[in-house]
Amino acid sequence: MGAPADPAAPAPTGAAGAPDGAAAPTGPAARKTTAPAAGGTKTQQAAPKPPAAPAGLRSGTYTGSGVSHEYGTVQVTITVAGGVVTKASATFPTDRSTSRSINNGAVPTLNSRAVAAKTSSNIQSVSGATLTSDAYKSSLQSALDKAK
């Protein structure tokens, strides 16, 4: 028999750093490792993939279908550039003084919200203009569908 092995000496290694006679590790165990300053093992993983670019919308101007409600019809037109809505406008009823008052206040707000939403008709309604808001969102969705 030979001399006993020194327990403080590192174990001999074979292929790919495996102890003599052992197979090289595969799978997660085969990842490169480095020893951090505090000890232990730190696993190096590949950099994460960047998020996929949104599908986006086709550039152009699109008019949604006219959506009627109790007081008239709302129809949205959007302009798309760079895959997102950059401008929104709408026709709306103005024949009644109440409709004119409500819509003159609500539609500019809805236009701004449509631009801020970029690619969605999921925008907040305007308080006091529920019928106009609902019709606006339906027409906006129709315009967005045409831009896809």
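**Strands, helices and their contacts**

Q: In which sense do strand 5 and strand 6 pair, and over how many bridges?

A: Strand 5 and strand 6 pair in the antiparallel sense, over 7 bridges, where two strands count as paired if DSSP finds at least two bridges between them. Helices (H or I, at least four residues) and strands (E, at least two) are DSSP runs, numbered from the N terminus. One of the bridges joins Thr79 to its partner Lys87 in strand 6. Residues are numbered from 1 along each chain as its sequence is written. Please keep in mind that this is a predicted model, in which local features need pLDDT of at least 70, side-chain atom pairs count only at pLDDT 80 or more, and totals for chains, interfaces and linings use all residues, while side-chain values use heavy atoms, with hydrogens and water left out.

Q: Which other strands pair with strand 5, and which residues stand opposite each other?

A: Strand 3 is joined to strand 5 by 4 bridges, and these two strands run antiparallel, with Thr61 standing opposite Thr79. Strand 4 also runs antiparallel to strand 5, through 3 bridges, and here His69 stands opposite Gly72.

Q: How many residues lie between the strands of each hairpin?

A: In the hairpin formed by strand 4 and strand 5, there are 2 residues between the strands. The hairpin of strand 5 and strand 6 also has 2 residues between its strands, and in that hairpin Gly82 takes a positive phi near 60°.

Q: In which order do the elements run from the N terminus on?

A: The protein has 2 helices and 6 strands, and their order from the N terminus on is β-β-β-β-β-β-α-α.

Q: At what angle do the axes of helix 1 and helix 2 cross, and with which hand?

A: An axis is a line fitted to C-alpha atoms, for helices over the stretch in contact, and angles run from 0 to 180 degrees between N-to-C directions. The axes of helix 1 (residues 97–117) and helix 2 (residues 130–147) come within 10 Å and cross at roughly 35°. From helix 1, Asn103, Val107, Leu110, Asn111 and Ala114 make the contact, and from helix 2, Thr132, Ser133, Tyr136 and Leu140, contact meaning heavy atoms within 4.5 Å. The crossing is right-handed, a word used if the near helix is turned clockwise from the far one by less than a right angle, with left-handed kept for anticlockwise.

Q: Why does the length of helix 2 agree with its number of residues?

A: At 1.5 Å a residue, the 18 residues of helix 2 should span 26 Å, and the end C-alpha atoms are 26 Å apart, so the two values agree. The expected span is 1.5 Å times one less than the number of residues.

Q: What do the buried residues of helix 2 pack against?

A: Buried means under 20% relative accessible area, exposed over 50%, and partly exposed in between (1.4 Å probe, protein chains only). The buried residues of helix 2 include Thr132, Ala135, Ser139, Ala143 and Leu144, and the buried residues of this helix pack against strand 3 (60–63), strand 4 (67–69), strand 5 (72–81), strand 6 (84–91) and helix 1. Ser139, in helix 2, is buried because its relative accessible area is 0%. Leaving aside residues up to four places away in sequence, Ser139 touches Gly64, Ser65, Val67, Val74, Gln75 and Val76.
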